[in-house]
Each structure stands twice: as C-alpha cells, then as structure tokens.
Amino acid sequence: MKKQPFAMGRRAVAGTVLAAVALSAAPWAAAQEPWPAKPISLVVPFPSGGTTDVLARALADALSKSLGQPVIVESKPGAGATLGADYVAKARPDGYTLLMGAVHHTIATSVYKKLPYDFQKDLAPITTVAMVPNVLVINASLTPARSVAELVAAGKSSSKELAYGSNGNGTAQHLIGTQFQASTGVKLLHVPYKGSGPLTTDLLGGQVDMSFDTITPVLQHIKGGKLRALAVTTAKRSAVLPDVPTLEEAGLKGFDIGTWFGVLAPVGTPKDIVVKLNAEMVKIIKSPDFAERMRAIGADPIGDSSADMAARIRDETAKFARLVKEGKVAVE
C-alpha cells in the first residue's frame, strides 16, 4: 500500500511527459502541412488600376485555380513602390506573401539614399511575368504636338517647364523623363504620383502635360482619342500601337527603356515552394489564353526561370545605377 503514491506519481509524470511531447509535436505537424494550405497574398506596391495591378489580378485569378487556394491581390502603394517591397521583404518566408515587383525596384536601389531592405538580398525571384513598353503620351486636346520633334520645339520655345507625371520617385517613368530631358535639352518638371490611376486622371484633366507611363493604363484613352501617343520608349515598336515610332526612330539614339513585371518572395522561402510557384506561373504565362490576354493590353508575356529573373535584376540594377548617376537623380 505504501508503494501506491509512488505508482500514482510515476503515472502523473508519464502523463505530463506525453502531453509535453504532443504539444511539441504540434508545430512540427503544422510545419509539415502541404503547401498551400491557406490563401496567398500577392502584394502590389501601387494603387489599383495600373499595369502592376492589372497583371497581378490576371495572374492571381489563374493561379487560384491552379493551386486550389485563393490568391488575393493586396495593394500597398507609396514611396515609388518601395513600401510594398519592404513589407514583403520583412514578411514570414512561408510562401504565403509574394510581391508583384517591377523594374522600378532596380532603379530605386540607386535613387533612394536609404532603403530599409536590399532588393537583391532580401527578396527571392520567382519569374518575370511580362514586359510592357512605356509610351510618351500627351493630352490630345491641350497639346497640339503630333510628333516628338514638335513637342521638343514647343518645349524649347516655352517660358515654362513641361510637367510630366510618373508613378513615383525612382520609377522607370521618372528615369525616362530625366533621360528625355538630357537627350533633347527640353526642361521638364517631374510630378510624382502613387500610381498610374491618379496620374492618368490628372493627365486627362490637364494637370500635367505628358507622361511616360506603360501602355496598359493609357491604351484605351489613346484609342479613344483623348491622349496622343508620340513614341514608345523601347527599342522596337509595340504590337498594339504599330504606327507609333520608337524614341530612337524619333531621333533619340540608343533610347531603350521598358518596364518588366515579375513575382518575388521573401528570401528564405523554402526552395520547393519557389520551384512549385515558378512551375505553376510559367505554365500559366505561356498558356494561349493568358498570352492573348497580355497582348491585348500591350504586354509581352515572358515566364522565365528564377535564375534568369535574378540575372535580369542584377544586370538592370547595374545599368540603372549608371543612368541614375549620370542624371544626378536622388531621393531622400
């Protein structure tokens, strides 16, 4: 009878140990849960309505069906797309928070004196979704110029600067403006916006004279006659605007800047998740339906490997660092 308390104590200890083992195993079991087991957030660092948002929603819609989980587009605009990039860079690297990034990030690295993240070190490339040419557009009813030469002549004869809008400091549009000014000698006033939506509204309203935005958000207004396209900024013409010359054809030699868009994850995201995301996205991007949808909005679908996207980011970061230094572009 005297041994009973000892036996009861032993059983109590054993029960405690088993409970502890069960509790410690719970996180491990959760970690082994097949991915994806819940909705995925695809962060867009610009307001809705712009090219980044349009591409993100097209990809998210197809990816939701492919993965069997909702892919939710989440807008986090501001500071030339750097706020959204910083948010994703600091997110848990579990495959549930992704960034729809763009060429802007490779420019911001040199434009901003201090960034709270390193675009190449803190984010893991998955795939480049598409390349979209930028286009020089003016308000058709307020600016009579019908060519780049006429716009340059008007700008040089005017006593005031021509105001051009961009999607924010450190974006491709901002840099294209500085390069256009350097190439033509026309004095331009840079007006940064949070994205294409508010920029296009002000361009149509006459608050700015021109923009170098991507084709997607302005295409309907070009076709409708409210905006006039004078030139595309890439080395070749756009299939959706075949009659619009390139800036090089208009006399600006060596001008070739376009905007690519791609998906990235926080660095440290498990390799098998990155591989799966790449495979699913490339399959979608290269599908006839998605490709047709992209071309209708002026985008050229890509769908490359993670390594190819990393090389693109590395090369363009170096390229734009030179252009930023030459243009003396800087943002606090």
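This briefing walks through some backbone features and ring contacts of the structure above. The model is predicted, so local features need pLDDT of at least 70 and side-chain atom pairs count only at pLDDT 80 or more, while totals for chains, interfaces and linings use all residues. Residues are numbered from 1 along each chain as its sequence is written, and side-chain values use heavy atoms, with hydrogens and water left out. Helices (H or I, at least four residues) and strands (E, at least two) are DSSP runs, numbered from the N terminus.

**Backbone**

- Most residues other than glycine have a negative phi, and most peptide bonds are trans.
- The peptide bond from tryptophan 35 to proline 36 is cis, with omega near 0°.
- Proline 36 belongs to the loop between α1 (4–31) and β1 (40–44).
- Alanine 79 is not a glycine, yet has a positive phi of about 55°; this residue sits in the loop between β2 (71–75) and α3 (82–89).
- Alanine 81 also lies in the loop between β2 and α3, and its phi is positive too, near 80°.
- Burial is judged by relative accessible area: buried means under 20%, exposed over 50%, and partly exposed in between (1.4 Å probe, protein chains only).
- Alanine 79, at 37% relative accessibility, counts as partly exposed, whereas alanine 81, at 1%, counts as buried.

**Aromatic pairs**

- Rings of Phe, Tyr and Trp (its six-membered ring) pair if their centres lie within 6.5 Å; planes under 30 degrees apart count as stacked, over 60 as edge-to-face and the rest as tilted.
- By this rule there are three aromatic pairs.
- One of them joins tyrosine 164 and phenylalanine 212, edge-to-face at 5.7 Å centre to centre with 75° between the planes.
- Tyrosine 164 lies in strand β6 (residues 162–166) and phenylalanine 212 in the loop between β8 (210–211) and α9 (215–223), so this pair ties together parts that are 48 residues apart in sequence.
- Phenylalanine 180 and phenylalanine 212 form a tilted pair, because their planes meet at 55°, with ring centres 5.4 Å apart.
- Phenylalanine 180 comes from helix α7 (residues 172–184), so its pairing with phenylalanine 212 links parts 32 residues apart in sequence.
- Tyr164, Phe180 and Phe212 form one aromatic cluster; tyrosine 164 is buried, as are phenylalanine 180 at 1% relative accessible area and phenylalanine 212 at 0%.

**Charges over rings**

- A charge sits over a ring if NZ of Lys or CZ of Arg is within 6 Å of the ring centre and within 35 degrees of the ring normal.
- Lysine 38 lies over the face of tyrosine 96, 4.8 Å from the ring centre.
- Lysine 76 lies over the face of tyrosine 87, at 4.3 Å from the ring centre.
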